[in-house]
Amino acid sequence: MSSLTITGVTKSFGSTRAVDDVTLHVPHGSFTTVLGPSGCGKTTLLRLIAGFLVPEAGTIAFGSTVVAGDGVRSMPPQTRRVGYVPQEGALFPHLDVAANIAFGLPREARGAQEGRDRVAEMLDLVELPADFRHRRPDELSGGQQQRVALARSLAPQPAVVLLDEPFSSLDASLRGSTSRAVRRALEATNTTALLVTHDQNEALSLADQVAVMRAGRLVQSAPPSEVYLSPTDPQVAEFVGRAVVLPGTATDARATCALGEVVLTEPTTGPVALMIRPEQVYVDLAHEEGVRGTVEEVSYYGHDCAVQVSLDDGTSVLARMAGVRHPVAGDTVHLRVTGLVRAYHPAGSP
Ligand SMILES: Nc1ncnc2c1ncn2[C@@H]1O[C@H](COP(=O)(O)OP(=O)(O)OP(=O)(O)O)[C@@H](O)[C@H]1O
């Protein structure tokens with residue numbers, strides 16, 4: 001295993017810059033998710049790392065070994081020691097689970113005890129029963145197939161594992177349990193991994209580091225809580241979750257806006273856009289503390305609910321609260337902001 005370092009990598013298709021000057025470091029043994037909307041260049045980035053594509057600028061290094069770029073002859077995929085887990089359909093349908101997992105092992109190991117031991121070890125690692133080794137892929141559920149695909153990619157002890165939306169074909173509950181099992185397997189083997197997704201919850205819940213891409217560029221890479229609570233701009237804020245963005249005026253550590261006074265993550269001064277997460281908006285049903293508004297709509301999800309409130313000044317604000325006791329449309333409520341708020345200066349201002 002080794003770290004992965006991408007420096008100033010660019011790749012175009014005709015006039016489309018699919019990956020534009022991307023720099024990203026994935027530390028040894030850590031898990032990074034690459035999050036971005038459709039067409040932002042996520043798959044192209046993975047294909048560059050795997051060696052299926054060659055960058056026109058920049059370098060890609062596994063540990064201290066440069067595998068592509070800067071005058072180095074691009075190392076072909078088969079010599080890069082990369083494990084690749086695609087969306088679905090990755091397994092060879094005519095081979096059983098054991099043969100699929102052993103596929104990437106040296107030929108002499110495959111039929112030998114060494115290969116059988118490695119298959120058993122990998123099945124255990126991805127939390128599948130040992131007797132699954134004799135099943136064919138069509139005798140497995142989608143989630144089990146993806147676990148086998150991961151086992152196959154890990155068997156030859158790759159330097160880096162790349163996962164391209166590996167859970168996108170699974171239904172919601174299977175998706176959660178499969179992704180957590182995959183995460184545990186990668187952690188147990190101290191594997192350096194990069195997972196591409198357009199699912200915000202998946203990106204935030206699995207990763208040590210989230211790399212957000214937009215139109216070919218990497219716009220932020222940081223731990224999940226930092227991307228969520230301190231996104232680099234309001235667009236990232238709205239992409240990684242629901243956000244209330246309000247105009248305000250900042251004076252040092254505080255700012256005023258339609259929701260009253262808020263405390264800022266970093267002091268600043270002047271006109272700002274304030275990014276408030278809906279769960280930071282406290283809905284007071286019992287007291288008349290905070291800014292008054294009228295509930296327009298309540299979306300009830302069981303564990304929590306989303307409450308759309310129209311303030312007396314006409315500003316519409318989304319709040320998220322526990323589903324145990326909630327208001328109904330037409331109720332008068334009072335809102336106040338809890339926790340720290342990120343302020344952005346309007347484009348063009350210092
Ligand atoms: N082989 C290709 N030839 C021409 N254009 C391509 C090629 N591969 C990708 N592109 C273009 O490059 C851009 C980035 O594509 P890419 O597949 O990397 O995006 P993505 O973020 O993975 O999207 P999705 O989430 O939909 O899979 C898109 O505009 C796409 O049309």
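Six residues of domain 1 are in contact with seven residues of domain 2, where contact means that two C-beta atoms, placed from the backbone, lie within 7 Å. On the domain 1 side of that meeting point there are three nonpolar, one polar and two charged residues. For these classes, Ala, Val, Leu, Ile, Met, Phe, Trp, Tyr, Cys and Pro count as nonpolar, Asp, Glu, Lys and Arg as charged, and the others, Gly among them, as polar.

This is a predicted model, so to speak of local features takes a pLDDT of at least 70, side-chain atom pairs count only at pLDDT 80 or more, and totals for chains, interfaces and linings use all residues. Residues are numbered from 1 along each chain as its sequence is written.

**The two domains**
- Domain 1 covers 4-238 and domain 2 covers 242-344, with bounds that come from an automatic or database domain assignment.
- Their centres, taken over C-alpha atoms, sit 38 Å apart.

**The chain as a whole**
- You'll find nine helices and 18 strands here; helices (H or I, at least four residues) and strands (E, at least two) are DSSP runs, numbered from the N terminus.
- The C-alpha trace spans about 75 × 50 × 30 Å along its principal axes.
- Of the 350 residues, 38% are buried, meaning that 20 or more other C-beta atoms lie within 10 Å of a residue's own, with C-beta atoms placed from the backbone; 12 or fewer makes a residue exposed, and anything in between partly exposed.
- Take the contacts with a separation of 6 or more: 65% of them join residues 24 or more positions apart.

**Around the ligand**
- The ligand's shell is made of F13, T16, A18, G36, S38, G39, C40, G41, K42, T43, T44 and H198, each with its C-beta atom, placed from the backbone, within 6 Å of the ligand.
- By class, that shell holds three nonpolar, eight polar and one charged residue.
- Both β2 (16-26) and α1 (42-50) supply at least two shell residues, and α1 gives the largest share, with three.

**A look at S30**
- S30 lies in the loop that links β2 to β3 (31-35).
- Why is S30 counted as partly exposed? Because it has 19 C-beta neighbours inside 10 Å.
- Leaving out residues up to four places away in sequence, S30 touches T192, D208 and Q209.
- L105 is 75 residues from S30 in sequence, and the two are 24 Å apart in space, C-alpha to C-alpha.
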